Structure formats: structure tokens, C-alpha cells
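Subject: The structure, and what turned up in it

Hello,

Here is the structure I promised to pass on. Please have a look at it first; my notes follow below.

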Amino acid sequence: MSATLYFRHDKYVLDESYLSNRQTIQSLDNFFEANGKYIDSISIVAYASPEGSVRYNQRLSARRAGTTKYWLLKRYKSLGLEQMREEPLGEDFTGL
């Protein structure tokens, strides 16, 4: 499964009501309810828009990945820290 959560510009706090996040979270809830005990790993790929410096955007994408990881751990109790892999990729020109 793949899911996309959006962050407000220049932020790394997850706003569950922003853009399509509410629908994405509902899909995640349904997925974890049916499959949570079968998940062996999760990759969290995070980006930032290209405004700002490359270094700043790399840090912002890392913070977004961390926020998402801990949000998942808090929301889905069947997950463990060892199952999570963060991949902050900095700027995303394609997704802009």
C-alpha cells in the first residue's frame, strides 16, 4: 500500500484536516484494521517544496519523516520502531 500525507508550506506538524489527509487517514485506518498484524516494514519517504536552500529542505523533509513515523507509531499500536525506515529526500520538483 502507498499513502500520501500532506504538510502545510514550511511546516512539519501533521495537520490531519489539511488537503486530502482526512481521506488518507481513513484509508490507513481501514488498512491497518485489516492488515496491521501482517506488516513487517514501512518506508516513509518525505519531501519539501523547492523554495529555500537545499540544506534547509533536506532538514524539513527529515523532520516531516520523523513526524510521520511517530504519528504512525502513536496511532497504530501494532507497529514497532524497528519496522520503520525514514527516507528524507529533500526537494521534490516533480511533486510540486
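Let me start with the largest pocket: 36 residues line it, and Ala3, Thr4, Leu5, Val45 and Ala46 are the ones nearest its centre. Please keep in mind that this is a predicted model. The volume of the largest pocket comes to about 1,000 Å³. Helix H1 (21-35), strand S1 (42-48) and helix H2 (54-75) each give at least two residues to its lining, and S1 provides the largest share, with seven.

Leu89 sits in strand S2 (residues 84-91) and counts as partly exposed because its relative accessibility is 37%.

Now to the charges. Four salt bridges were found in the whole structure, including these:

- Glu86 pairs with Lys69, with the closest N and O atoms 2.5 Å apart. This pair links distant parts of the chain, since Glu86 is in strand S2 and Lys69 in helix H2, 17 residues apart. Glu86 is partly exposed at 32% relative accessibility, whereas Lys69, at 11%, is buried.
- Arg8 and Asp15 meet through their side chains at 2.9 Å, N to O. Arg8 is partly exposed at 39%, and Asp15 is partly exposed at 23%.
- Glu87 and Arg85 form another, their closest N and O atoms being 3.0 Å apart.

Enjoy exploring, and write back with any questions.

Best wishes

Definitions and conventions
Residues are numbered from 1 along each chain as its sequence is written. This is a predicted model: local features need pLDDT of at least 70, side-chain atom pairs count only at pLDDT 80 or more; totals for chains, interfaces and linings use all residues. Side-chain values use heavy atoms; hydrogens and water are left out. Helices (H or I, at least four residues) and strands (E, at least two) are DSSP runs, numbered from the N terminus. Buried means under 20% relative accessible area, exposed over 50%, partly exposed in between (1.4 Å probe, protein chains only). On a 1 Å grid over the protein atoms alone, a cavity is a set of points where a 1.4 Å probe fits but cannot get out, and a pocket is an open set with protein on both sides within 12 Å along at least five of seven lines; lining residues have an atom within 4 Å of a point. Grid points are joined across faces, edges and corners, and a volume is the space filled by probe spheres set on the points.
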